[in-house]
Amino acid sequence: MTIGQKLAAFWNHPAGPKTIHFWAPTFKWGISLANIADINRPADKISLPQQCAITATGVIWSRYSTQITPVNYNLLAVNAFMAVTGGYQLFRKITYDMSQPKPATA
C-alpha cells in the first residue's frame with residue numbers, strides 16, 4: 001500500500017478527519033495537556049471534584065471507545081490518558097489531604 005493509498009484510507013475512514021468522531025477526541029487532548037501542566041501545581045490547589053470527573057470520564061469513555069464499530073483509537077488514547085493523569089492527580093490530592101494534621105476538637 002502506497003503512502004497516498006494510506007492517506008486516502010485515513011481520510012475516508014468512518015472515524016477520520018471528515019467526521020466529528022475524529023475532531024471531538026482530538027480537541028479533548030487539550031484537557032489532558034492542561035492536566036499535565038498542573039502536575040507542578042501544589043497539591044492543596046488541586047480540585048478533587050474536577051479530578052474525579054476527569055478520571056471517571058477517562059475510564060467510562062475508554063471502555064465505550066472499544067465497544068463501538070469501528071473502534072475509535074483516537075478516542076481510546078485520549079481517554080486512557082485522561083484516566084491516568086486524573087488518577088495521578090487524585091492520588092496527589094488524597095495523599096496531601098491525608099498528611100495534613102486533623103484540627104483539634106473541643
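The model is a predicted one.

**Helix packing**

Two packed helices are described by the angle between their axes and the distance between the axes. The table gives both values for each pair.

| Helix pair | Angle between axes | Distance between axes |
|---|---|---|
| H2 (residues 20-37) and H3 (residues 48-67) | about 135 degrees | 12 Å |
| H3 and H4 (residues 73-99) | about 150 degrees | 7 Å |
| H2 and H4 | about 20 degrees | 9 Å |

**H2 with H3.** These helices pack at an angle of about 135 degrees. That angle makes H2 oblique to H3. H2 passes H3 in a left-handed crossing. On the H2 side, the contact is formed by Lys28, Ile31 and Asn35, and on the H3 side by Gln51, Ile54, Thr57 and Trp61. By class, the residues of this contact are three nonpolar, three polar and one charged.

**H3 with H4.** The axes of H3 and H4 lie 7 Å apart, at an angle of about 150 degrees. Angles over 145 degrees count as roughly antiparallel, and H3 and H4 are therefore roughly antiparallel to each other. Their crossing is left-handed. The contact of H3 with H4 comprises 13 nonpolar, 12 polar and one charged residues.

**H2 with H4.** Here the angle is about 20 degrees, and the axes are 9 Å apart. Angles under 35 degrees count as roughly parallel, and H2 and H4 are therefore roughly parallel to each other. The crossing of H2 and H4 is left-handed. From H2, the contact includes Phe22, Pro25, Trp29 and Ile36, while the residues of H4 include Leu75, Val78, Phe81 and Met82. Lys28, Ile31 and Asn35 of H2 also take part in this contact with H4, and these residues belong to the contact with H3 as well. The contact of H2 with H4 divides into 10 nonpolar, eight polar and one charged residues.

**The largest pocket**

The largest pocket has a volume of about 240 Å³. Its lining consists of 13 residues, and those nearest the centre of the pocket are His21, Tyr64, Ile68, Asn72 and Leu75. H2 and H3 are the elements that give two or more residues to this lining. H2 gives the most, with four residues. In terms of class, the lining has 10 nonpolar and three polar residues, and no charged residues. Leu75, one of the residues nearest the centre of the pocket, is also among the H4 residues in contact with H2.

How values were computed
Residues are numbered from 1 along each chain as its sequence is written. This is a predicted model: local features need pLDDT of at least 70, side-chain atom pairs count only at pLDDT 80 or more; totals for chains, interfaces and linings use all residues. Side-chain values use heavy atoms; hydrogens and water are left out. Axes are lines fitted to C-alpha atoms, for helices over the stretch in contact, and angles run from 0 to 180 degrees between N-to-C directions. Angles under 35 degrees count as roughly parallel, over 145 as roughly antiparallel, 65 to 115 as roughly perpendicular and the rest as oblique. A crossing is left-handed if the near helix is turned anticlockwise from the far one by less than a right angle, and right-handed if clockwise. Contact means heavy atoms within 4.5 Å. Ala, Val, Leu, Ile, Met, Phe, Trp, Tyr, Cys and Pro count as nonpolar, Asp, Glu, Lys and Arg as charged, and the others, Gly among them, as polar. On a 1 Å grid over the protein atoms alone, a cavity is a set of points where a 1.4 Å probe fits but cannot get out, and a pocket is an open set with protein on both sides within 12 Å along at least five of seven lines; lining residues have an atom within 4 Å of a point. Grid points are joined across faces, edges and corners, and a volume is the space filled by probe spheres set on the points.
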